[in-house]
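Subject: Structure for your review

Dear colleague,

Please find the sequence and structure below, followed by an account of what was found. I would be grateful if you would read the two side by side.

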Amino acid sequence: MQKKINIGLIGFGVVGEGVYHVLQQTPSLQAEVKKIAIKHIHKKRNAPAELFTDDASLVLFDDEIDVIVELIDDAEIAYEIVKTALQLKKHVVSANKKMIADHLNELIALQNENKVSLLYEAAVCGSIPIIRNLEEYYDNDLLLEISGIVNGSTNFILTKMNEQGLRFDEALHQAQELGFAESNPTLDIEGIDAVNKLSILLKHSFGLPILPDQIFRKGITSITSYDNEYACEKGYEIKLIANAVCTHNHEVQAYVLPCLLPKSHALAKVKDEYNGVLLRSKLADEQILIGKGAGRYPTASAVVSDISALRFAYRYEYRKSNRNKPYHFSTNFELDVLISYAKETTIDRTDFISIEERYISDKRCHLKGRISVQKLQQAHRKDEVSVLVFPAKDVNQNSDLFENDNEIAVENALR
Ligand code: HSE
C-alpha cells in the first residue's frame, strides 16, 4: 500500500476550501489534511473546528506533516512560510504567483539544497497544465512564442462588457462575487497578476529569470468606449495578452498589454474566466490550451494534481535555464499599436517610427503605427492615453535562422 501524504494546509479561502473538499471526496489519493492554518480563527468554516489553528508554525513544525500546501494571498507571509517549509525539508505546493515570481531563483536553490519539491501549477492559468507542459515538452522542439490570456478576471470583465453591455464596475463586481478576482482587484485590472504569471512562464519557456517589474505592462483600466467601438468596427476583440516571443538572434521580447485580436484568432474566442495559451514552436507550429483560469475547483484541480505528482517525486527540472546558448531578455523592440488620446497635443507624432493612420476629433484622437517600446512606455503614462497592440503575426517568418537550433534543443534535452 502506498504511504499516506500528510498535508498542512495554509489558507482556507476560495481555493483552500476547494482543495480540502476534493481531498475529502477522493480517498484513493491517500492524502489527508492534518492541520489548517488560517488568519481569522473565529470565522465559521466548512470543516471540523479541531483542524484549524491561527498559528502557522504549529503546521510547519509538525513532524507528521510532509507536504505544505500554501494557498494564502499575502505574498510576503507566503514567502516566509514556503521558505521555512523547504528548509524543514517539506515538499511545498503553492498557488501564489506573486510570491513565486518575486523569489523563484532563491526558492529553486532551497528546494535543491533540501532535496524536496516545490510545485506551483495552479499559480499560472488555473486548471491549464501549462508549467508541466513547458517542462516536459519543447526540449526537442524549439519554442518560439508563448502568448496567452492568463488572467481570468480581466477576461471575464472584457467579455461581460462586450457581450452583455455591463459597465466596468458591474463586471468587476461579478468577478469578485464569483471568487475570480484577487482580494485587491487592482492586481487583476492593472495587469500585475498577469505580469507575475508571465515572469514564471519566462523561466519555464526560455529559462529566463525575469522579475515582474522588468516586464512592460498595462492593464485594462484605460480602455475607452472609443477603443471598443474601433475594435468592433474593424472586427477585433480586445484581450489582455501576456506575450513572450523569441527572435532570430535569441532575444526574448515580452509584455502584458491589451491587444486587438482578429475575431478569427484562437485567443479571441476565449471568453469569460477562461484562460488560453498559444504556443508556437519550430516543428509543431501552433498549439493552444484553453481552460478555466480562476475559481475554486479549476484551481483546486491543479493543486491536487501537484499533490498527486509528489507521489512520484516529481520536480521541475528547469532545463531551459541550462541551454548551451542562453536567451537574452530584450527591452528594446518595436510594436504595432493603436494609441488613442483625448487631446491632440498629448502624443508627439515624431515618437512613432512609422504612422499608418491618423484621426483627430474633438472627443478623441488616434494614431496607428509602429513605435519603440521605450517611446511607448513614456507615451502610455500621459493623461487619458490608451494603448492597444496589434500582435506581430510571426516575427521569425521567412527566416532561415534558427537552422541549427533544433540540434541545440536536442543536445540540451540529452544533457
Ligand atoms: N485573480 C486571478 C485571475 C485568479 O483572475 O486569473 C487566478 O490566478
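How many residues lie between E15 and E16 in the hairpin that they form? There are five residues between these two strands. Please bear in mind throughout that this is a predicted model. Strand E15 covers residues 352–359 and strand E16 covers residues 365–372; their pairing is antiparallel and runs over six bridges. Within this pair, Arg-358 has Leu-367 of E16 opposite.

The ligand site

The shell around the ligand consists of Lys-97, Asn-151, Gly-152, Ser-153, Phe-180, Ala-181, Glu-182, Asp-188, Asp-193, Lys-197, Gly-293 and Ala-294. By class, five of the shell residues are charged, four are polar and three are nonpolar.

For Lys-97, a polar side-chain atom is 2.7 Å from a ligand oxygen. Lys-197 likewise has a side-chain N or O atom 2.8 Å from an oxygen atom of the ligand. Glu-182 faces a nitrogen atom of the ligand instead, with a polar side-chain atom 2.6 Å away. The ligand taken alone exposes 250 Å², of which the protein buries 92%. Two elements each give two or more residues to the shell, namely helix H6 (152–164) and helix H9 (192–206).

Salt bridges

Across the whole structure, 24 salt bridges were found. One of them joins the side chains of Glu-182 and Lys-97, with an N to O distance of 2.8 Å. Its partners come from distant parts of the chain, 85 residues apart: Lys-97 belongs to helix H4 (residues 97–114), while Glu-182 sits in the loop between helix H7 (168–177) and helix H8 (186–189). Glu-182 is classed as buried because its relative accessibility is 17%, under the 20% cut-off. Lys-97, with a relative accessible area of 15%, is also buried.

A second salt bridge connects Lys-197 with Asp-193, where the closest N and O atoms are 2.6 Å apart. These two residues are four apart in helix H9, so about one helical turn separates them. Lys-197 and Asp-193 are both buried. Through shared partners, salt bridges join Lys-97, Glu-182, Asp-193 and Lys-197 into one network. These four residues are also among those that surround the ligand.

The pair formed by Arg-167 and Asp-169 is a further salt bridge, with 3.0 Å between the closest N and O atoms.

Tyr-236 is part of strand E9 (residues 236–246). Its relative accessible area is 18%, so Tyr-236 counts as buried. Between the C-alpha atoms of Tyr-236 and Leu-283 the separation is 29 Å, and the two residues are 47 residues apart along the chain.

With kind regards

Methods:
Residues numbered from 1 in each chain as written. Predicted model: local features only at pLDDT ≥ 70, side-chain atom pairs only at ≥ 80, totals over all residues. Heavy atoms only, no water. Near = heavy atom within 4 Å. Polar contact = N/O pair within 3.5 Å; in protein donor to acceptor, adjacent residues only side chain to side chain. Areas by Shrake-Rupley, 256 points an atom, 1.4 Å probe, with all protein chains shown as cover. Nonpolar A, V, L, I, M, F, W, Y, C, P; charged D, E, K, R; others polar. Salt bridge = Lys/Arg side-chain N within 4 Å of Asp/Glu carboxyl O. Buried < 20%, exposed > 50% of the residue type's maximum accessible area, 1.4 Å probe, protein only. Pairing = 2+ DSSP bridges.
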